[in-house]
Structure formats: structure tokens, C-alpha cells
Amino acid sequence: MPYTIARYAGYCAGVRRAMEEAFRAAREAKEQGVACCSLGELIHNPEAVEALRREGVRPIERVEDAPGGMILLRSHGVSPDVEEKCRKSGLEVRDCTCAFVRSLHKIVQKSSREKIPVLLVGEPEHPEVKGTAGWCEGPCYIIKNEADAIALPDLSEALVVSQTTFPPDAWEKIVALLKEKIPHLKIECTICSATAKRQAEAKELAAQVDAMVVVGGRNSANTRKLFEACRAICPRTCLVERAAEIPPHFANIHTEHIGIAAGASTPDWSFKEVVTRMNDMERIDQETQQEPVANDSLTMEDIEKTVVRIRTGQTVTGTVVQITDDEVCVNIGYKSDGLIKRSDLVDKDVQMGDEIEVEVVKVNDGEGNVLLSQRNIVNRKAWDALMEKYENNEYIDAVGKEAVKGGLLATVEGGVRAFVPASQLAQRYVEKIAQFVGQDMKLKIIDVDKQKKRIVASRKQVIEEESAAKKAAAWEKLEEGAVVNGIVRRFADFGAFVDLGGVDGLIHITDLSWSRVGHPSEVLTVNQEVEVKILSLDKERERIQLGYKQLQPKPWDNIEEKYPVGVILERAVVRIRPFGAFIELEPGVDGLVHISQCALTRVNKVEDVLAVGQMVHVKVLAVDPEAKRISLSVREALADEAFVEGEDMEIPGEADVEAPVDAE
């Protein structure tokens, strides 16, 4: 019995990922001893749903019905309010939403935020359409057919998107009507590429065969549309969920060519079972006619060989069987071996007998050879890894490669190139972009062109986000009265700014020293590590008042012990007033020489005998710690010195006193 199986049959990538994640969640739930459920049927296929149920995954209709533990978000996706409700319920959420559907959600959300109405082409009651509509924050019109498109209100602009499994032919007709009706129409074809390929190939196959069998769930929109498309071309088309539903006399198994297609939510085992059933039907018919049959016992391995075929873009594992200077020959289990050019080989030290993963570039290069590539797989995996980081808002590592007009080209993870606009390189204007060439950096992807595989990234956003996180963490650690370490970053006339590890604090000039300070640079230096005390915190205004002198010894502590009455010291004059002169004993401690104690004779003006900066001997007359006053005498210091030297001290008259030269 001749039959042909469509290349794009069975699970699409999104459904396969959802099922794999569901089975993984079921295993983990069993290990943890918790329940696992899905919000609605994970996919529209009763066989798959029953297989999950056997593993403990029970579908529920409302979040409130969840028994606790884990909940799976179906591949069709849900609205943001439902997603948020799941997360707030205390359940462990596993998101099985198809990547194409998640992308559709982002597109409609962005458009509605820009106040552009959304036209959603699809089945109004389909869970994907309901979930997608929930992501619209403005007007959303659901269009099922051309009549709905004609009935739309007058709109000057709109965005039109579609259910990911909508028939491409019907989509094009509806879009053609909308173009005439809406002057500024933005079109985003969100039909899954696998759906389009699946339907196109199934229709092509239906035109070549005598009968078609479409395998899949009857409640699956994808499978139903596939069935309708095939039946329109091949009237003898039947839809079955399992092999047992194939009519006994559906086709002449000896003379007619039968085509087999399967919906995107159809498990592999379902359509393989159909193949087995047809082979069994042929075998039974042959036995009834008592025709000799050689080796008519088919195993699943035999069926696998019949079903599995290579196609362009497919990833397969093969064994290296020959190595030349230019090419490597790989046995991939196909009727002919595959060839890889050295330039497309990633494992340069590959050896005979090694198993390697390759991608089919061409099934037939015109000479019967299968062309393979290893680099395509690496590039695709690198791209997929980047897209995953983009979806998760993660940073990527990069190296600046070339300064170009308007920005920088950088090589990111996996060898993919990214463009960083000049405005996204730093928080301030960058004059010389070339300074980033060869520099390692972290980037954040801000825009992606998936068709052209182009990435636009930002270094500025990484700096801003890391700075904000660092600042928030620093504020959490700070408390009033605490002593912390910091680094002096810059000066102002009124004080010094200190980096506390993400936030800056200010040491006011009055809190730098116990003595008078003209400028912060007299006490500190830039980049100096200092220990400071937090005097006050104002989180709303993001202000931190720091103290430096508060951690230094107070100069008036133990002042009586340091300067006992009667001791004679040599110090400098720092200020002159009409009533006397101030002498600096140490930073922060000044003593006063009253005008009557400025010289051995009476003086009319202090400036006549003393000048600022002049070094003089003074004697401590009195110390008052509470009032912070020290009385000094130049006169008695001079008298004591003369006495110690044993000279006959003669008190000169006023006319004999020579006033010192004015300091100025």
C-alpha cells in the first residue's frame, strides 16, 4: 500500500516544549509530594491530555479549583490578570505558553499602549484569542471572517494580527478588505510559520493522493482547519483522533495512494499508530486472500524507518565515516551519507567514528549528496540563547569590535553581532566611540529583528539598572549613627562628597575638623579612604549628612593636663583683636593674650608689638575647660625667661619698646 506522510506532521516546537515541560513538572510534583494541574487542557488533543492525566496532571477551569502545588499555563496562553492571579495564589507557576503566542501578546500590548486599536483575526471562543485579547489595554476587535471585517466601525489607524493557527488564505482575504477600509493599517502576520508550512504541505499532498487521513483532536482549531483544507482538495479525507477510527473500507489499500497528515497538537505516537494500523489492514487483507507474505511482522523500529525522513533545516546525529582536507563525510542513517565543508565544521579536531550533531542544509545538492552544517546549529543555539535572555530581561556579555557611524558594533555571546547606538553607550555623551573597541562590557538587548537576525543593545541601561540596584542595596545597609567606610570622590567649597558604595554622602566643611577649615582639601584628599559617622539620613531627598571630625579626638578633652598653669610654650599668633591676640596652641584650641599681657610695658594697640604668624613665647595663666578658654601671657613668659637666664631685668619705659614690623 503506497502512502505518504507529510513532513510537518505531529507536534510543533511550541507544543512539544509544552508537553516536555508538563511531563517534567509532573515528575517534580511527585518527588515533592504536591499536586500538579493545568489551567484548561494543556493542548487540544484528548490522547495527549489523557497521557498527562495518567502522570498526575489534571486540567482545571478556574484558578480557585487548584488543589495547591504546581499549575501549568496552557500553550495557548492566558491574559495578564489570570497570570497574575495564579502567581498571587501561592501556586508554583510553570509557563507553557507557546513562544509565538507570547510574542503575539507583546505585540498587541505595545500597540494598545500606543493608543492604536487592535484587530485580532481568529475564533472568538478559542482560548488563545481570549488570552491575547486580555493583553490589549485599549480597543480590541475580534474578526472571525470577512463579514466581521466589513462590519468594523470607521478607524483611521489600527494594527491587525491573527491567531497563530489561523488559515493563511483566509487571513490574506481579510487583510485585503482591511487595507481598503483603514487608511493607516499596520499589519503583523502572527500566524505560526509551522502552521503555514503544515497547511501548505498538506494541501500539496492532498492534491497528489487518492485519499487523506488527518490525525488529531476534533476540538483542535489547528487540526480542524488542516482537515478542512485537505477535504476541499481531496473529498475523501477523514479526521481521526486514533487509529481505531479509520473506516474499514476507507480506501483500496492495494491500488490507491493515501496521504497522512497530523495537526500541531497531535502526539507522535498517534499518527505512528495510524501507520501501523494501515500496515495491519494490508497484512490482514493479504492473509484473507491466502497470499504468501514474507516477513510481514512489522516492529515499531520498522515503522520508525518508514516515518522518519530528513528535510532541510532538520537536526540529526551521525557518525563520521571519512575525513578529507576539505570535507567530512557523516553517516546519518539516510540512503546517502552527508557532507560537511570544513568551514561549516565547529569541532575542528573531529575523528573517525565520532558522533556529531549536524543540520541538513540540502537533501540533494544535484549530485545525490546531502549537505550538512554544524555551524548552523551553533549559530541557531546561540541566537535562541540570546532570545531567551531577551525574553527574560537578562544581560549579555560582549566585546566592542568596530566604531561605525552612529554607534558601536559589538560581538556578543555565540559570535552574534549587535549594534549599540552612541546614545546607549554611556550615561553621558560619548565623544570618541573608538575607546570602546576591544573593551569587555555587559549589554541589554533593547530591540530585535528576528527575520534579519539583528540585535540592538544598550550599555547605558545596564549601567543605570546596576547603579539603581547598588544604590537601593546601599540605602538598606545605612542607619543613622553608624560608622562606615567610604572614599572621597570630589570637593565643593562647602564640603567633601564621599562614596559609600553606591550612594554619596556629604561631609560639611564644619564637620571636617574641630579647627577652622578654609577648604576641604586642607583636611582630605581625593580618593582617600576615610571612616565617617552617619549624622542624618533623608531617603526621600536622597541626602546623607556625614561627620569626619566626630571620630577624631576632641581637642578640649584633658586640656588641663595638656596645658597646666605656669607652663611656657612657643606658638604662633593667628588672630589679632582690639582686646588682645589669639594664639593657636593646637588645631581647634586657641588661647587669648589680653592686651595687658602682650608686652613688658603698656601698649596702646596689640599690632604695635605682635603680628599674625609671629612665633612668641606665652605662659599659661588659667584654663577653663567648660568655657573653653585659656588665658596666656607674653609678658610673664618674657619675665620668666629673663629670670632663668640670670640677667638683671630692667623694665624699660614705653618709649624704649620697639614695636614689631606690621605683618602685612
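What you're looking at is a predicted model, where local features need pLDDT of at least 70, side-chain atom pairs count only at pLDDT 80 or more, and totals for chains, interfaces and linings use all residues. Residues are numbered from 1 along each chain as its sequence is written, and side-chain values use heavy atoms, with hydrogens and water left out.

Start with the greasy part. In soluble globular proteins, nonpolar side chains tend to be buried together. A nonpolar core here is a set of buried Ala, Val, Leu, Ile, Met, Phe, Trp, Tyr and Cys residues joined through side-chain atoms within 4.5 Å; buried means under 20% relative accessible area, exposed over 50%, and partly exposed in between, with a 1.4 Å probe and protein chains only. The largest such core has 25 residues, and Val618, Ile630 and Leu632 have the most contacts inside it. At least two residues each come from β28 (568-577), β29 (580-586), β30 (589-594), β31 (615-624) and β32 (629-633), with β31 giving the most, 4 residues. (Strands are DSSP runs of E, at least two residues, and helices are runs of H or I, at least four, numbered from the N terminus.) Take a look at Val618: leaving aside neighbours within four places in sequence, its contacts (heavy atoms within 4.5 Å) include Val567, Ile583, Val593 and Leu632.

Now back to the pocket. On a 1 Å grid over the protein atoms alone, a pocket is an open set of points with protein on both sides within 12 Å along at least five of seven lines, while a cavity is a set where a 1.4 Å probe fits but cannot get out; lining residues have an atom within 4 Å of a point. Points are joined across faces, edges and corners, and a volume is the space filled by probe spheres set on them. The second largest pocket has a volume of about 440 Å³. Its lining counts 19 residues, and Arg575, Phe582, Gly588, Val589 and Asp590 are the closest to its centre. β30 gives the most to this lining, with 5 residues.
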